[in-house]
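The following exercises guide a reader through one protein model. Each task is followed by a solution in steps.

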Amino acid sequence: MKAIVYSKYGSPDVLTLKEVDKPTPADNEVLVKIHAASLNFGNLVLLKGEPYLARLAFGLFKPKYPIPGGDIAGEVEAVGKNVTLFQPGDPVFGDLSGSGWGGFAEYVSVPETSLVMKPYNLSFEEAASVPMAGVTALQGIRDKGKIKPGQKVLINGASGGVGTFAIQLAKLFGSEVTAVCSTRNVDIARSIGADHIIDYTLENFTLKPQKYDLIIGANGSHPISAYKRVLKPNGIFVHIGGAESQMYQAIMLGPWISMTEGKKMGSFLHRPARKDLVFLKEQIEAGTIKPVIDRRYQISEIRDAFRYFEEGHSQGKVVISI
C-alpha cells in the first residue's frame, strides 16, 4: 500500500510517499481502507518534534510512529475474530492518536474502540475533518471549561479547526458566543452561529471592557495576563493552541493564578474518547454541528498541505484525500 512515512523530525520536506506493507488486523482490530484524513496541530508536533516535551511521548531523537495522521474516514475491509462493533463494508471515522497514528496511508489496522460509524449525512472527507478538532473543542468547553447556559464565552482563534467546532458547541450548550478572528473569516464565524465577532486586525479584545465567563484560546499569542484581565471573577481560561510561550505560561503560571485569584487558568490536551466522538456524530446527524473545510489536497500533495496548514490561517479544516 502507499503511505506517507518519515524517519526524522523536520519540515514537510521529510515526508515521503512510499510503498509499505499492508497491515493485517489482530483479533481485536479493524482493517480500514482509508478514503480521507485531515491535519491537526498534533500532526505538526509529530512532524517537527516541537515543543520538545512532546518527544517524551513521540520519540526523543527520531519519530516513534513512522506513519503520521490521526483523523481518518473510510470503509471497513476486514475485522479480527473478536471484533463485535463493525463488519466489512461499514463506513467509519475515528481518531488514531491514541492507537499508534498511521492515518496518512491507504490502509490502517486499529482497535475497534478507535472508530465510530460515520455520520450518514457527511462525505468521507467531511467526516475525516471531525474527530480530533471536534473532540478537542468538546472537551475544552464542556469538561475543562465547565460551560453553563447563559454564560458569555469568547473563542480566540475562532476560524480554525478547533475554533469552528467550539463556536457551534458553545451555542449548543446555550452560551452567548464572541468569536475573535481576522477580517476574511468574519462571515464564516457568523454563518456558524457566533453572536458577536471581534476582528483582531482592528481591535484588541483584551483591552475592551467586556468580561467573559469562559475564554477558549484556540490560537493567538496574548500573554495569559491579558486573558486574565477580561475574565469575570471565577471565570475560566482554557489554553488549547497558539504561541508556544503562551502554552508554557498556562502550564507554569496558570495553577498559581487559579489558587490565588479565583480565576481558573490552565492548558488542556485533547484525549481520544469514543463516547465523545459518538456525541459529535449524533449532533452532526441532528444538524446542530457541521464541519467547516478550507482546502482539500491529494495524499501526493501532503507537503503542500502541511506548508499551508503551518501558516496558521486555515479557515476550518485541511483535508487529505487518499
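**Exercise 1.** Is Ser314 buried or exposed?

*Solution.* The model is predicted: local features need pLDDT of at least 70, side-chain atom pairs count only at pLDDT 80 or more, and totals for chains, interfaces and linings use all residues. Residues are numbered from 1 along each chain as its sequence is written, and side-chain values use heavy atoms, with hydrogens and water left out.

Step 1. Buried means under 20% relative accessible area, exposed over 50%, and partly exposed in between (1.4 Å probe, protein chains only).
Step 2. Ser314 has a relative accessible area of 9%, so the residue is buried.

**Exercise 2.** Describe the surroundings of Ser314.

*Solution.*
Step 1. Helices (H or I, at least four residues) and strands (E, at least two) are DSSP runs, numbered from the N terminus. Ser314 is found in the loop between α11 (302-310) and β15 (317-321).
Step 2. The side chain of Ser314 reaches the backbone oxygen of Gly316 at 3.2 Å.
Step 3. Contact means heavy atoms within 4.5 Å. Leaving aside neighbours within four places in sequence, the residues in contact with Ser314 include Arg184, Asp294 and Tyr308.

**Exercise 3.** Identify the residues with the most contacts inside the largest nonpolar core.

*Solution.*
Step 1. A nonpolar core is a set of buried Ala, Val, Leu, Ile, Met, Phe, Trp, Tyr and Cys residues joined through side-chain atoms within 4.5 Å.
Step 2. The largest such core has 45 residues, and Val130, Ile155, Ile167 and Leu280 have the most contacts inside it.
Step 3. Helix α5 (residues 161-172) gives the most to this core, with six residues.
Step 4. A second, separate core of 25 residues includes Tyr308, which is also in contact with Ser314.

**Exercise 4.** Which residue has a positive phi of about 50°, and which has one of about 70°?

*Solution.*
Step 1. Most residues other than glycine have a negative phi, and most peptide bonds are trans.
Step 2. Lys146, which is not a glycine, has a positive phi of about 50°. Lys146 lies in the loop between α4 (131-144) and β8 (152-156) and is partly exposed at 49% relative accessibility.
Step 3. Asn234, likewise not a glycine, has a positive phi of about 70°. Asn234 belongs to strand β12 (residues 231-239) and counts as exposed at 62% relative accessibility.
Step 4. As for peptide bonds, the one from Glu50 to Pro51 is cis, with omega near 0°.

Technical notes:
Polar contact = N/O pair within 3.5 Å; in protein donor to acceptor, adjacent residues only side chain to side chain.
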